[in-house]
Amino acid sequence: MIVIQGQQQPTPPALEAAERDVLTHTNGSSVWWCGRGSAALLLGLRLLAEANREGEVILPTICCPSLAYTVRLARLTPRFADVDPGTGLMTLAAAQERRTENTVAVVFIHLYGQTADLCGLADWCRTEGVALIEDAAHALGGQLASGAAVGSVGDLTVYSFSRSKILECGGGALLIRCPEQARAAEEIISRSACPAELDAPAAGQLARSQRNFQHAMVALCRLGQQEGVSEAVERLGGTYDRLYWKSMDDASAVAAGWKTLSHMLQRRLSKAQQYASLLRSGPWRILDGWQQSGVCWRVTLSVDPGVNPVSLSEAVRQDGFHVSNLYWCMNDLFRPQDRCPNGEAFACRVVNLWVDDTVDADWIRNCCSSLLRHARRVPEAVSMVGAC
Ligand SMILES: *Cc1c(COP(=O)(O)O)cnc(C)c1O
């Protein structure tokens, strides 16, 4: 099915092949094509929110803020679980620690294309009667440690094809595993209205405002000035709600993008290999979960203590190479009392490097030289100054 302006329609012929692929690899029962990953998550959460007025959703603290905003938009409460300090992936023990009688779902993010064996988490969720949602935004087409496809374990799986994800053709999708839930989705969509969507210029302007707001809040947290941040997010977050109700603009672009997926994954992996061999000797650890999963979102460096990733990124950017460190602990923004010490230790060391089609082998070689040069030029340029 495809959701257009809040109404469901049969899957357009252009997307039938992609839909068959998803269903075959994941053994799911239905796919709901949406305008972005968050719109897909919102649909999934509405299924759970119906019967659970005060429901809570456990998110890994290292997460895209749109997940937390979407949970609130669905009138549920985001709770934040700590992560493995080495990978940033949520652990079963941390999810268990956040479990309350109100928990209705746990979201597992395959962060940066790293995947994990989800058996333990899935078993626990089943025992507890809690839905397991896989977030495949960074791991489209990837494999779990067991060899099964990303998306083959969760009750629901969220896909995103937005800018800066694996495919950038626009759009998102929700995979529903069980047929009863698929029928419930039909029911919910058919009897509820959604707000009118913004036109493209207004949506673009609002999205830029949200990005700037987000970066401003994270920058304060990085400086250790969390005071007032979660209150600001609480007050202003809802301003951006309309961005999450979005229909797919162009189904044929998604269909065309889908056909390029295996080549895209190959290109990304070979770039990741290039970084890994050039950066072997720097003051960092390279997270190489992509070797096993077969999908690399961005190459992630976890810099050694004593190197400030913000100063390092800034120095490399001034050389003309974009690198990012956007992910932060979302409990700081949405619920400071959900303490996540491992997430803090992880977030303040991450530098992400590009592997998409905007970069080629020369670019990567030069970017790596820049990184190595600045990382060795400690202490003043890259030492820890007020970070973490
Ligand atoms: C971008 C992203 C999303 C949301 O996808 P949109 O298409 O931007 O709504 C969800 N989860 C993760 C991990 C993401 O990076």
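Helix 2 gives the largest cavity the largest share of its lining, four residues. Helices here are DSSP runs of H or I with at least four residues and strands are runs of E with at least two, both numbered from the N terminus. The model is a predicted one, so to speak of local features takes a pLDDT of at least 70, and side-chain atom pairs count only at pLDDT 80 or more, while totals for chains, interfaces and linings use all residues. Residues are numbered from 1 along each chain as its sequence is written, and side-chain values rest on heavy atoms, with hydrogens and water left out.

The largest cavity has a volume of about 180 Å³. A cavity is a set of points on a 1 Å grid over the protein atoms alone where a 1.4 Å probe fits but cannot get out; a pocket is an open set with protein on both sides within 12 Å along at least five of seven lines, and lining residues have an atom within 4 Å of a point. Points are joined across faces, edges and corners, and the volume is the space filled by probe spheres set on them. Lining the largest cavity are 17 residues, with Val3, Gly6, Ala39, Arg46 and Trp245 nearest its centre. Sorted by class, this lining has ten nonpolar, four polar and three charged residues. The classes are simple: Ala, Val, Leu, Ile, Met, Phe, Trp, Tyr, Cys and Pro count as nonpolar, Asp, Glu, Lys and Arg as charged, and the others, Gly among them, as polar.

In the whole structure, three cavities of 30 Å³ or more turn up. The second largest cavity comes to about 50 Å³, and its lining is made up of Ser164, Lys165, Arg268, Trp297, Arg298, Trp354, Val355 and Asp356. That lining splits into three nonpolar, one polar and four charged residues.

As for open spaces, the second largest pocket has a volume of about 410 Å³. It is lined by 15 residues, and Arg46, Ala49, Leu73, Ala74 and Arg75 are the closest to its centre. Helix 2 (37-49) and helix 6 (179-191) are the elements that give two or more residues to this lining, with helix 2 supplying the largest share, three residues. By class, the pocket lining has eight nonpolar, two polar and five charged residues.

For Ser160, the distance from a side-chain N or O atom to a ligand oxygen is 2.7 Å, and for His138 it is 2.9 Å.

Within the protein, the side chains of Arg79 and Glu56 are joined by a polar contact of 3.5 Å. Such a contact is a pair of N or O atoms within 3.5 Å; within protein, one must be able to donate a hydrogen and the other to accept it, and residues adjacent in sequence count only if both atoms are side-chain atoms. Arg79 sits in strand 5 (residues 77-81) and is buried at 11% relative accessible area. Buried means under 20% relative accessible area, exposed over 50%, and partly exposed in between, with a 1.4 Å probe and protein chains only.

Helix 3 (residues 65-73) is largely enclosed by the rest of the structure, because eight of its nine residues are buried. Those eight are Pro65, Ser66, Leu67, Ala68, Tyr69, Thr70, Val71 and Leu73. Just past helix 3, Arg75 adopts a positive phi of about 60 degrees. Most residues other than glycine have a negative phi. Tyr112, not a glycine, also has a positive phi, about 60 degrees; Tyr112 is found in the loop between strand 6 (103-109) and helix 5 (119-128) and is buried at 2% relative accessible area. Gln5, again no glycine, has a positive phi of about 45 degrees. Gln5 belongs to the loop between strand 1 (2-4) and strand 2 (7-9) and is partly exposed, at 46%.

The search for disulfides (cysteine sulfur pairs within 2.5 Å) comes back with zero across the whole structure. For Cys125, the nearest cysteine sulfur belongs to Cys119, 12 Å away, and Cys125 is buried at 1%.
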